[in-house]
Amino acid sequence: YGFINTCLKSLVVEKYGEETWEKLRLQAGVQDSFLTFEVYKDEITMQLVDKACKVLGVPADIVLREFGKYFFEFCKRSGYDHMLRTLGGNLYEFIENLDALHSYLSLSYQASFGFVCFFPQEMNAPSFRVEKNEDGSMHLHYYSDRRGLCHIVPGIIGAAALDFFNIEISMKIVNQTEEEERTGKKEHIVFLVTQTPLFPCKERNEFSSSSQCLVDSEKQIENQLNKEDLEKAKNAIGDRGNSVCPVKKSHWKTLRGIITLGRGKLLRGFDPVYPKSLWIDTKTFCNGLPFHMVFDKELKVKQAGVSIQKIVPGIQTMGICLDQYFRIIHPEVPFTISSIQKFINSQFVFQTRREMMPESWKERPMLELRGQMMWMESLQCMLYLCSPLLRTLHELEERQMHIADIAPHDVTRDLILLNQQRLAEMELSNQLERKKEELRILSKHLEEEKKKTEALLYAMLPQHVANQLKEGKRVEAGEFKECTILFSDVVTFTNICAQCEPIQIVLMLNSMYLRFDRLTTVHDVYKVETIGDAYMVVGGVPVPVPTHAERVANFALGMIMAAKGVQNPVSGNPIQIRVGIHTGPVLAGVVGEKMPRYCLFGDTVNIASRMESHGVPSKIHLSSSAYQCLKYKNFEITERGEIEVKGKGKMHTYFLIRNKSATENEIMGRP
């Protein structure tokens, strides 16, 4: 179920971060999220565990043990806390009832997904058998179809022992075999479980003092009680129990009996009282327990409830062998008394054999019975107390049975009705979870589209300006006291346009601009605009930086190199560009509401444009102010001299040759 994969994801994200999970799931080739009640292939979980070992660099046994501990906590957080706490009053009872928990959960999930088992029922859930040893330790037998997952068990059992019973345990594998004890080959792992109770010093002292107080109070009460009261108490107890257990008791034991009988609260222990003979006749027993069977060591049926006789008439023939009419579904053991005795603490599920059923049952689903086995030593027989294993009213109808077929005292009646409601609630929950997942995916796609939109917006406007416009704020024009502006154009662009198809011009410009755009990122300069073959960038705007001139100069050198890779569609030779650079103050702001642009204004823009138009092919033309910013910055610059500039008169200009401290790869941003 998705519950398991969700737990594994939660563990990785919580302990190692979202990035680690993303890397792990991509390597495993699985989706990002899982629906709780959705059934997924075993391979997905196995792949995730395998990739987790490789990505985290941790051995599989440690990963599985940690997963076991985390799975226990995850189950508690997911609403199974009370269910787990009530399994048993000690660790032995807790483990003993794990199979019963699987069986209960199978009613709701219609497949067994349990506390330690996380595979569908048809895939054969693990089984557990526990044996007490004289020294207080236990042997835990773990059976599973899937090899290599046994290390989850110590993680889960250890966490449960510590949380529920304040006990630290150690679990060591003492035997590991494959056997035919159950249907098909199974991995059979035997763990030696040793327990160490945890008593903090303060609690230990309190426990000791409380024990002493209890002893003192016993003595005090015993001294205060008069002999007459004690004698009456003894007579009262004697009247009830002399015929069964005529053992002389101390005064204090008698007093405990009074408290037990009077208040209904057991202080120390409990001794059951049995009648001399069974006060129920055979007919009443078989009617009152309509689903029960008694069979001997040879599996011969000695007795059966009336409802079982009605459904399986063949067993009315006393002495018939039980395994002719039923097969054991759970636990998966051979149908022998010895195997049943070995798993006697497990819930047993029987299924009728189709070939032995009456004709009316041949087209119906087979009946399954679930219950407990009780060995009767004096009779050398086994009693199977059971009920029909039915999850829903639909399953009841499929077998053409009715609620009336189940004894009024049998809670199966209530479970069917309650589970019907629960399944409806689960279906609603599943639908909500699916909708939630759909919304999550839509939200993710929306976020991706939002990022694309923002990337497009930031390509048109500076990021801080775009953010202000998105917030509905007015963007004020800003003055920049010093920045460096670059213009470039293609030499003989007009002639090229006259001799080529429009698509060839578009392809040539696109090839050139893609190279130039990449260089703007490499040298961190701002692309202002392109008009035809003209390309304009600025350094120091919109974010002022002291190195604006060096950045633009390096960008210009990269442009000359990049242009050599763009082919002239007329001649087939590399194109040539002119580049002009000028440094000075500008005013910058957003112009227009429809298709707003971030524009620069001022004489600095005009002079930079003149530097480009009065430039020389494949040369970088510098104004005097740009030269002043670069002359001490490790650039090789040659003097051009005075030239006549349209609208500006005579100006002293320079040519930028190269950066003496940077390689071509560094200029081009190549590794």
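Colleague: How many helices and strands does the protein chain have?
Modeller: The protein chain has 22 helices and 18 strands, taken as DSSP runs numbered from the N terminus (helices H or I, at least four residues; strands E, at least two). This is a predicted model, where local features need pLDDT of at least 70, side-chain atom pairs count only at pLDDT 80 or more, and totals for chains, interfaces and linings use all residues. Residues are numbered from 1 along each chain as its sequence is written, and side-chain values use heavy atoms, with hydrogens and water left out.

Colleague: What share of the residues is buried?
Modeller: 44% of the 671 residues, with buried meaning under 20% relative accessible area (1.4 Å probe, protein chains only).

Colleague: Which residues of H15 are buried?
Modeller: Thr 412, Ile 416, Asn 419, Leu 423, Met 426, Asn 430, Glu 433, Glu 437 and Glu 454.

Colleague: What should H15 span?
Modeller: Its 49 residues (412-460) should span 72 Å at 1.5 Å a residue, the expected span being 1.5 Å times one less than the number of residues. The end C-alpha atoms are 70 Å apart, which agrees.

Colleague: Switching to H4 and H7: at what angle do they cross?
Modeller: Roughly 45 degrees, and the axes of H4 (residues 60-85) and H7 (residues 152-165) come within 8 Å. Axes here are lines fitted to C-alpha atoms over the stretch in contact, with angles from 0 to 180 degrees between N-to-C directions.

Colleague: Left-handed or right-handed?
Modeller: The crossing of H4 and H7 is right-handed, meaning the near helix is turned clockwise from the far one by less than a right angle.

How values were computed:
Buried < 20%, exposed > 50% of the residue type's maximum accessible area, 1.4 Å probe, protein only.
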